[in-house]
Amino acid sequence: MTKAVRLMYGAVLALSVSAAFAADIPSAPVARVEPVTDTYFGEAVVDRYRWMENDKDPDWLPYLKQQNAHARGLLDALPKRDVLLTRIQQLSGDVATPARIQKAGARLFYQQRPAGANNFKLFVRELGKNSGKDRVLVDPTKLDTKTSHVSLDWWQASPDGSKLAYGLSKDGSEDSVLHIMDVRTGVILKERIADTQGADPNWLDDSSGFFYNQLTGKNNTPERYLDAVARFHKLGTDPAKDPLLMKRGLDPAVKYEKIQAPYIATALHSNTALLILSDVRPEKRIYAAPLRDVIKGKAKWQVVADFADEITNLDLDGDNLYLLSTKDHPRGRLLKTSASAPSLAKATEVVPESKLVLQGITRAKDGLYLRAMDGGPSTLQRLGNDGKLTTIALPFEGTLRAVEADPAAAGVLTVLTGWLEPAGIWSVGADGKVVDTGITPKPAIDTSAYTTERRYATAKDGTQIPYSLIYKKGLKMDGKNPAFISAYGSYGSAAYTPSFAGRTLALADQGAIVGYANVRGGGEFGRQWHRAGQLENKPNTWRDLIAVCEDINAKGYTSPQHLAIGGRSAGGITMGRALEERPDLFAAVVSGVGWHNPLRYVAEQNGYGEEPEWGAIADPAGFKALKSIDSYQLVEDGARYPAIMLTTGVTDPRVAPFHPAKMAARLQTATASGKPVILRVDFDAGHGMGSTRAQQDVEAADTYAFILSQTTGK
């Protein structure tokens, strides 16, 4: 960073931070430059900060600590931060947040963060004759220390509800260790199984054991998620002796790549087991075999579907195998075939494609329940045992985060939320009535002062891009309102569908407009919407965000000097490329644990598995696509970039910390605007999945204070 830039940088800080405080803010570190040149298909690419990929480098942790000290010095001195944090803590503390539910036998299991609690806990409720008070089964906060916290990553009860398999990890790392509990007594069995981040246990009907997925690659290396295996664990036995049922190369009839993980799936009262090969794509490769042969390790797997058949979801009911396919039907249709003699060519279409995007299937005693959406908001349908398809009327427009059923009971349980409706656990009866179970208490938060609206922006190619806005009623649309628009647009995931505003109401209280853009690359309108923002089409993603921002400016909601954008994870591509193409359009940009250096996916543990979404660097077309989304490599010296806050968690297993670290170093030396570029580091967190409420509160306060300082000067 040149002396002139440092002087401008300090001047901008002084606009938001008093001179006394500004003088005490530690300077951002000047990162060591050691250029490394790679040549791809005759094109040289220089990486100035390759050394940051080595977390054992002696300069690495000092660099992160100095960056964070600089960020903390700025953020802690912002006048709005403490007010925001107090309001955010009140908002998050008043809300009980459900995450997942499961009915198994005469027990109802649910994961929920109680009001005021710092992390999620797992509860069980006895049903029927034994109905009584809810019990806490797993409370990870009891395992916390002064320097570390533990999170519940996943769980699955056995079919009769007598046993529970669950994964715990430290510091948001998602590096799960599998535990097993006897539910009646609460006793934790002695078995422990490491490397089970994506275990997805599938129990036998008699609850005597389960199939699971296990990682084999060394932690924190590019091989971490490669060549995962499928095993079977019988309760009471030594996990070290769990039989290996599937690994790459084990069965000549089942060929797949190292990036695909094998899962063995079972279903209650079915004699068939399914082998599911999965990677980052929504589609799966599926095989079937008799369950008894699979347990013995003698399965002769039959092909059900390949990736090209575009099966994205399935359900097994005895010998009936239901498959959700998007092949030639991008919004999805439901097919039925025999599990013991599967044939897609002879499969029966039981639910045709419609305007709705089919997302998932859940089987109950009274039929199949289909979770769907239309551009974002959810729809619930039931395919009855009589073959009749009906739509269930939901109590409000929102998002079905989960739809769970017991095949032996009618109806389903759902987790439902809306922009201004906190998430709750609702039951759907055989009569189609949707009732709040009361498991999640209603918060004291009054949302009547806020309003929402859904609008569309026109992209350059004419495509209509939906977006949602939340703000306080009576706000004057004079172009002077601060606004914060978030976007994602990857993996075919509908990332920003209606979900309780919660902490963001603190930002709205400050007169800001909070918005979410459903850009291409997501799945809001099905497989075509995903493909339109994938691989070589990825520029549509950030240009859709630009179109949304131009639209809200044109309509007087805000203007460039008051506009901020944000995104997380793969949303870092969207943020990075939008700020580079249109630095004039934004006052501030926030990239949360963002992916900024895709050309170096080969150096991170989550890298190779990403190739189907972004392209393979060993392929000329893949290299071209990856280079086009690499915002770190596309930073330009002397550009007048907006104010930028990047965040990272040191234990992040999904986006290596070198991505935001490199991006921060590059932007700090390149920008000529004098506006701050800061890197906020959490040394007790990863990608955010395992972060505590307190951690999320502080990050939100930092983010909103930074945005307001740059969009309002306060």
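Contact here means heavy atoms within 4.5 Å. The model shown in these views is predicted.

**View 1. I485 in the largest nonpolar core.** I485 is in contact with L469, G515, A517, L545, V548, I552, L563, A564, I565 and G566, leaving aside neighbours within four places in sequence. The largest nonpolar core holds 106 residues. I485 is among those with the most contacts inside this core, together with M52, Y63, L545, I565, F586 and F706. A second core is separate and has 18 residues. Its members include V254, Y256, L275 and W301.

**View 2. The F211 and F232 ring pair.** The count of aromatic pairs comes to 16. In the pair of F211 and F232, the ring centres lie 5.0 Å apart. Their planes stand at 55 degrees, so the pair is tilted. F211 belongs to strand β11 (residues 209-214), and F232 to strand β12 (residues 229-234). The pair links distant parts of the chain, 21 residues apart. F211 and F232 are both buried.

**View 3. The W595 and W614 ring pair.** The ring centres of W595 and W614 are 5.2 Å apart, with planes at 40 degrees, so this pair is tilted. W595 sits in the loop between β35 (588-592) and α10 (611-614). W614 lies in helix α10 itself. The pair therefore ties together parts that are 19 residues apart in sequence. Both tryptophans, W595 and W614, are buried.

**View 4. An aromatic cluster and two charges over rings.** One aromatic cluster is formed by Y40, F41 and F623. R32 lies over the face of W51, at 4.4 Å from the ring centre. R281 lies over the face of F307, and here the distance from the ring centre is 3.9 Å.

**View 5. The open sheet from β3 to β6.** Four strands make up this open sheet, in the order β3-β4-β5-β6. Their pairing is antiparallel. The edges are β3 (97-104) and β6 (135-138). Each edge strand has a single partner, so one side of each is left without a neighbour in the sheet. From one strand to the next, the twist averages 30 degrees. Strand β5 (residues 121-126) pairs with β6 over three bridges, in the antiparallel sense. V124 stands opposite R135 in β6.

**View 6. K365 in a loop.** K365 lies in the loop between β22 (357-364) and β23 (367-373). Its relative accessibility is 54%, so K365 counts as exposed. K365 touches N385, D406, P407, A408, A409 and A410, not counting residues up to four places away in sequence. K365 and A547 are 182 residues apart in sequence. In space, K365 and A547 are 46 Å apart, C-alpha to C-alpha.

**View 7. S468 in strand β31.** S468 lies in strand β31, which spans residues 464-472. At 4% relative accessibility, S468 counts as buried, because buried means under 20%. S468 touches W419, E453, R454, V514, G515 and Y516, with residues up to four places away in sequence not counted.

Terms used. Residues are numbered from 1 along each chain as its sequence is written. This is a predicted model: local features need pLDDT of at least 70, side-chain atom pairs count only at pLDDT 80 or more; totals for chains, interfaces and linings use all residues. Side-chain values use heavy atoms; hydrogens and water are left out. A nonpolar core is a set of buried Ala, Val, Leu, Ile, Met, Phe, Trp, Tyr and Cys residues joined through side-chain atoms within 4.5 Å. Buried means under 20% relative accessible area, exposed over 50%, partly exposed in between (1.4 Å probe, protein chains only). Rings of Phe, Tyr and Trp (its six-membered ring) pair if their centres lie within 6.5 Å; planes under 30 degrees apart count as stacked, over 60 as edge-to-face and the rest as tilted. Helices (H or I, at least four residues) and strands (E, at least two) are DSSP runs, numbered from the N terminus. A charge sits over a ring if NZ of Lys or CZ of Arg is within 6 Å of the ring centre and within 35 degrees of the ring normal. Two strands pair if DSSP finds at least two bridges between them. Axes are lines fitted to C-alpha atoms, for helices over the stretch in contact, and angles run from 0 to 180 degrees between N-to-C directions.
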